[in-house]
Amino acid sequence: RDLSPASLADCDSLDCGLGASAASHEGSGDESAHGEGTHERQWRFVADGSLGRLARWLRCLGVDAEHVPVPAQRRGVKGNNTCQYGALLALAQRDDRVILTKDRRLLQRKDAVAAFLVEDDDPKRQLARVSAHFGLRYRRGKLLTRCARCNGAVERRCTPEEVAANGAIPAKVKASTNEFWACGRCEKVYWVGPKSHLAMSFIDAEIAPTVTRARDEAKSFARSRNTRELEEEAVLEEALGGDPWPRRTGPNSREG
């Protein structure tokens with residue numbers, strides 16, 4: 001099977017999302033390992049038309065990430081983004097969402113109160129940058145709990161009657177599977193199947209390490225920055241104390 005990012009991001013088969021079956025992993029994720037999570041901010045995003053794959057990857061992690069596609073009639077037309085901007089801004093303001101965009105012009109708008117520039121073209125680097133900046137965490141219990149198609153929450157278990165009446169579910173799946181979940185928005189049905197295992201394998205191999213590494217690097221950078229700021233404050237205090245050239249060790253030190 002194709003394990004490429006493109007194959008996962010574009011997958012739209014009924015069993016590809018696993019959905020609320022990720023609840024079977026509850027308690028085995030990093031929440032208990034880190035002892036965190038109760039006060040962590042739950043970010044909500046809306047991605048512009050060029051960041052559709054990033055939005056899908058965020059949804060794989062259980063992150064609330066809407067996506068506003070570039071309208072078909074506007075594709076390739078430069079300088080005419082009124083329709084896309086309107087939808088982005090409306091969603092951001094209505095739901096208190098951070099706009100993820102590659103468009104610098106959008107950042108200059110006064111009504112784009114919370115917007116984050118994603119300059120990378122590679123989806124993995126995009127995910128790493130967003131994860132590091134907003135402190136996103138890999139939580140196994142939250143994986144695939146949002147609909148890959150529409151971002152709705154996949155948490156309602158289907159009744160046997162609903163499953164029996166759903167003609168889109170193959171008969172062999174109905175016979176071999178007894179747990180089905182439906183998206184609360186578009187009603188897409190999910191179950192555990194080969195493609196859901198494929199999705200989990202891809203997340204474990206590609207998405208999870210990207211998010212974890214980005215978070216660790218961000219923490220390391222923050223600690224380094226804090227240490228540097230404390231050192232600079234100490235030098236400043238020494239200078240204000242009467243010595244215009246504080247004594248410092250190293251090749252660039254200056255005494256006098």
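Two strands are taken to pair if DSSP finds at least two bridges between them. Helices (H or I, at least four residues) and strands (E, at least two) are DSSP runs, numbered from the N terminus. The model is predicted: local features need pLDDT of at least 70, side-chain atom pairs count only at pLDDT 80 or more, and totals for chains, interfaces and linings use all residues. Residues are numbered from 1 along each chain as its sequence is written, and side-chain values use heavy atoms, with hydrogens and water left out.

The chain holds 9 helices and 7 strands. Of its 256 residues, 38% count as buried. Here buried means under 20% relative accessible area, exposed means over 50%, and partly exposed lies in between (1.4 Å probe, protein chains only). The chain exposes about 14,900 Å². Carbon and sulfur atoms supply 49% of that area. Accessible areas come from the Shrake-Rupley method with a 1.4 Å probe; for residues, only the protein chains shown count as cover. Contact means heavy atoms within 4.5 Å. Among contacts between residues at least 6 apart in sequence, 63% join residues at least 24 apart.

An open sheet of 4 strands runs in the order β2-β1-β3-β4, with parallel pairing. Its edge strands are β2 (64-67) and β4 (115-117), and each pairs on one side only. From one strand to the next, the twist averages 25°. Axes, here and below, are lines fitted to C-alpha atoms, for helices over the stretch in contact; angles run from 0 to 180 degrees between N-to-C directions.

Strand β1 covers residues 44-47 and pairs with β2 in the parallel sense over 4 bridges. Within this pair, Val 46 stands opposite Glu 66 of β2. Ala 47 stands opposite His 67, also in β2. The chain crosses from β1 through α3 to β2, and this β-α-β crossover is right-handed. The term right-handed applies if, with the strands pointing away from the viewer, the path from the first strand over the helix to the second runs clockwise. Strand β1 also pairs with β3, again in the parallel sense, over 3 bridges. There, Phe 45 stands opposite Val 98 of β3. In a regular strand the side chains alternate between the two faces of the sheet.

Two helices lie across these strands. Helix α3 (residues 52-60) lies across β1, β2 and β3 (98-101), and runs at about 155° to β2. Helix α3 is mostly covered, with 7 of its 9 residues buried. The buried residues are Gly 52, Leu 54, Ala 55, Trp 57, Leu 58, Arg 59 and Cys 60. Gly 62 follows α3 and has a positive phi, near 90°. Helix α6 (residues 123-134) lies across β1, β3 and β4. Its direction is at about 135° to β4.

Thr 101 sits in strand β3. Its relative accessible area is 0%, so Thr 101 is buried. Neighbours within four places in sequence aside, Thr 101 is in contact with Asp 48, Leu 51, Leu 106, Leu 107, Phe 116, Leu 117 and Val 118.

A second open sheet has 3 strands in the order β5-β6-β7, with antiparallel pairing. The edge strands are β5 (154-157) and β7 (189-190), each pairing on one side only. Strand β6 (residues 181-183) and β7 pair in the antiparallel sense over 2 bridges. Ala 182 stands opposite Val 189 in β7.

A disulfide is a covalent bond between the sulfur atoms of two cysteines. The cut-off applied is a pair of cysteine sulfur atoms within 2.5 Å. A search of the whole structure finds 0 disulfides. Cys 150 is in none; its nearest cysteine sulfur, that of Cys 183, is 3.4 Å away. That distance is too far for a bond. Cys 150 is buried, at 13% relative accessible area. Cys 183 is buried too, at 2%.

Most residues other than glycine have a negative phi, and most peptide bonds are trans. Asn 151 has a positive phi, near 80°. This residue lies in the loop between α6 and β5. Asn 151 counts as buried, because its relative accessibility is 0%. Glu 187 also has a positive phi, of about 65°, although it is not a glycine. Glu 187 is placed in the loop between β6 and β7. With a relative accessible area of 60%, Glu 187 is exposed.
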